[in-house]
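Reader: I'm new to this one and would like to learn how to read it. Could you walk me through it?

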Amino acid sequence: MLSFHSITDSIDSWLNHTFSPTVALLLECTIVAIAAIALFATLGLVLVLMERKVAAFMQIRMGPNRVGPKGMFQSLADTIKLVMKEGLTPDGADKFLFNLAPFIVMIVAMLLLAPIGFASGFQIWDINIGVLYISAISSISVIGILMAGWASNNKYSLLGAMRSGAQIVSYELSAGLSILSIVVLSGSLQLSDIVGAQSNGWWIFKGHIPVIISFVIFIIAVTAETNRAPFDLAEAESELTAGFHTEYSGMKFALIFLAEYINIFIVCAIGATLFFGGWMPLHIGNWQSFNHIMDYIPSSLWFFGKTFFLIFVIMWFRWTFPRLRIDQLLQLEWKYLLPISMVNLLLVTVMAIMGWYF
Amino acid sequence: MIEEIGTTAEGDLVINIGPQHPATHGVLHLVVTLNGETIKKIEPHLGYIHRSIEKMCESLSYRQFIYVTSRMDYLSSHINNHACAMCVEKGLQIEVPPRAQVIRVLMDELTRIASHELWWGAMAMDLGAFTPFFHAFRERETINDIMEETCGARLTMNYMVPGGVMADLHPNFQKRVKDFIALYKSKISEYDELVTGNIIFQGRMKDVGFLSKEDAISYGCTGPIARGSGVSCDIRKLYPYEVYGQVEFDEVLETRCDSFGRYLIRLREMQQSIRIIEQLIDNIPGGDFQAKTKAVLKLPKGEFYARAETARGELGVYIISEGGTTPYRIKFRSPGFSNLSALDHMARGGKIGDLVATMGTLDLVIPDIDR
């Protein structure tokens, strides 16, 4: 079977064969960058359409159905509209920071794509501290949001940015602790190792209740980190009109909007990698024949299936839950999620030391 | 505007919520003084869509001015028309035929349900949940279709005229109302599943926007807001008009005094309205739908006052007549205006999120406040 591994290897050997190693490396970097940008754009379009279709499904209506078959080109049309719009910079705004902020938000989202394993042997950068890298880079996005809010010279934006700052900084703790519980079980920070450790069953099944608890905490925390409802206080539409991106228009708004969807994809991909085995097919212990049948389904399908399932769950949250209030949001984190995830991490550690998992 | 607010201290944030803002359901302008996220003071600034409806009414005849009142509280236009028609009837001492009385009550109650449905969806949207809005509109559209058949309009009905109603009921009316009741009863549990029982929703609503019984009375609150604070103020019970004295229904009261209480009141009021409709729908008496009136109405010299319970509270219509064909002076006592005056008291000390939640439970219709 043609695997991604063989494709990447053949491209690598052909480039090295034709060009000098330096040029080959440069060309490889270019190919990867183009691929990442293409993926970024496609994912944005797909996710926006998916969100609108999911929303329509929840709200007993049709959703976009005019542009293209079943409205499939709706988000493309929206993108063209946004590109053609004027990018306003409000009077009194800090022009440099105002224009820089959307790029920071987007670059952070793109950097996060690097260590994710999309399929067996298909990973941009298998860094040995992958989990640490993800936690570190994802914290930078709050700077972009604060920058956007501050530089807009708008009180709504400022309030939204301050909310977002408090929220992301708080929820990163529980997200980090729940990720740590998987790191403890796998014994590695490298994402490929974590996936490999789940070859005889995903952690969500192997890890008993503690891992399920940390998965629930993870899903709550990342929903908050990506500023999605019910934690969308940073852009709380009915309170702050649009929060930190009130003043953005045209392509700058599109970048922030795209980055939000890419962030959802990334956190769901990380969730799928850590708890559902990434591209690893569903394997159950020693059931050799069952495992073989599962192996016939391509690994990329497994990865995207799991990721899109988690994305659906997060969209489901958005279209059914009301929004929390800022003090309730912080209370939930500091009084409930953080203590629970700390105790949970201890439990997982004990479990890992005693070998109480399958 | 900043200078106007006396209590503004160093470091306070003054923001203008509205007139164009998604939370105000229209064009209400609130000047909010904030300390961080905490609300220190709210000043509603009125007048953005003032159309001087009262002055317009003074230059229109007693038949004509009723049509303008559909544009006040556009969500209960039937009841606005009803109150005005009652006031004119009081002056001319017209006896409304029993058929017209029942039709009027049926229409009023359907309007009340439609208005509360819209409120329910908008309220949830204020709290960040978008889906309930569409679920509420599914039922509300059915009512609008029923209205359209009989009145020819979906929002500004202009159906009630002095002496009765403008036209007879559509032959399909009874059947479609019964269908609606069946639909409503099958969907009512969804409301609780989707919103009422939600833990986030309850957290946002409970112990927020507190309005004590005394404050509700002194601010002049009426309707579901006062009843949510335990004040018995249902005009349909206290001063029964038309056939409200003959039908069985309960005045819904809550003593929670918070946003959640006001929320529950409206949900239960819808069920009481259903109860009233169920009693009347099979018992519409025959006869005329309109009393015989003169072509040109002239109210005798004097002052006339009529009131009706709209979906938002008590609507008072006060006419001073000099004996001519047009009123000398008209004053509407609209429920929204008094209810809005309590907003500062209710939301002070809360967060911005609380302000939006409290404003949602007030069920403000801005054209009703700014006439």
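Author: Let's take the features in turn, starting with one whole chain and ending with the place where two chains meet. Keep in mind that this is a predicted model.

Reader: Fine. How many helices and strands does chain A have?

Author: Chain A has 14 helices and two strands. Its radius of gyration is 21 Å, close to the 21 Å that the globule rule gives for 358 residues, so chain A is as compact as a globular protein of that length. Along the principal axes, its C-alpha trace spans about 65 × 55 × 45 Å.

Reader: And what share of the residues in chain A is buried?

Author: Buried residues are 43% of the 358 in chain A. Taking contacts in chain A between residues at least 6 apart in sequence, 78% join residues at least 24 apart.

Reader: Now helices. At what angle do helix 9 and helix 14 of chain A cross?

Author: For a pair of helices, look at distance, angle and hand. The axes of helix 9 (residues 208-225) and helix 14 (residues 326-354) of chain A cross at roughly 145° and come within 9 Å. The crossing of these two helices of chain A is left-handed.

Reader: Which residues of helix 9 of chain A meet helix 14 of chain A?

Author: On the helix 9 side of chain A they are A:Pro210, A:Val211, A:Ile213, A:Ser214, A:Ile217, A:Ile220 and A:Ala221. Among their counterparts in helix 14 of chain A are A:Leu337, A:Ile340, A:Asn344 and A:Met351. By class, this contact of helix 9 with helix 14 of chain A has 11 nonpolar, three polar and no charged residues.

Reader: What about single residues? Where is A:Trp150, and what does A:Trp150 touch?

Author: A:Trp150 is in helix 5 of chain A. Leaving aside residues up to four places away in sequence, A:Trp150 touches A:Leu97, A:Leu158 and A:Ala161. A:Trp150 has 19 C-beta neighbours inside 10 Å, so it counts as partly exposed. For a sense of scale, the C-alpha atoms of A:Trp150 and A:Phe57 are separated by 37 Å, and the two residues are 93 apart along the chain.

Reader: Now the backbone angles. What is phi of A:Asn153?

Author: Phi of A:Asn153 is near 55°, a positive value in a residue other than glycine. A:Asn153 sits in the loop between helix 5 (130-151) and helix 6 (155-186) of chain A. A:Asn227 isn't a glycine either, and has a positive phi of about 60°. That residue, A:Asn227, is in the loop between helix 9 and helix 10 (237-240) of chain A.

Reader: Is A:Asn227 buried or exposed?

Author: Count the neighbours. A:Asn227 has 24 C-beta neighbours inside 10 Å, so it counts as buried. A:Asn153 has 15 such neighbours inside 10 Å and counts as partly exposed.

Reader: Let's move to chain B. In what order do the strands of its open sheet lie?

Author: Before the order, a general idea: in a regular strand the side chains alternate between the two faces of the sheet. In chain B, three strands form an open sheet in the order 1-2-3, with antiparallel pairing. Strand 1 and strand 3 (38-45) of chain B are at the edges with a single partner strand each, so one side of each has no neighbour in the sheet. From one strand to the next, the twist averages 20°.

Reader: How many bridges pair strand 2 and strand 3 of chain B?

Author: Strand 2 (residues 29-35) and strand 3 of chain B pair over seven bridges, in the antiparallel sense.

Reader: Last one. How many residues of chain B are in contact with chain A?

Author: There are 26 from chain B, in contact with 23 residues of chain A. Elements giving two or more residues to that side of chain B include strand 1 (13-17), helix 4 (98-126) and helix 5 (131-151) of chain B. By class, the residues of chain B on this side are 14 nonpolar, six polar and six charged.

How values were computed
Residues numbered from 1 in each chain as written. Chains lettered and ligands numbered in written order. Predicted model: local features only at pLDDT ≥ 70, side-chain atom pairs only at ≥ 80, totals over all residues. Contact = placed C-beta atoms within 7 Å. Helix = DSSP H or I, 4+ residues; strand = E, 2+ residues; numbered from the N terminus. Nonpolar A, V, L, I, M, F, W, Y, C, P; charged D, E, K, R; others polar. Pairing = 2+ DSSP bridges. Axes fitted to C-alpha atoms, helices over the stretch in contact; angles between N-to-C directions. Rg over C-alpha atoms; globule rule 2.2 N^0.38 Å. Buried ≥ 20, exposed ≤ 12 C-beta atoms within 10 Å, placed from the backbone. Left-handed = near helix turned anticlockwise from the far one by under 90°.
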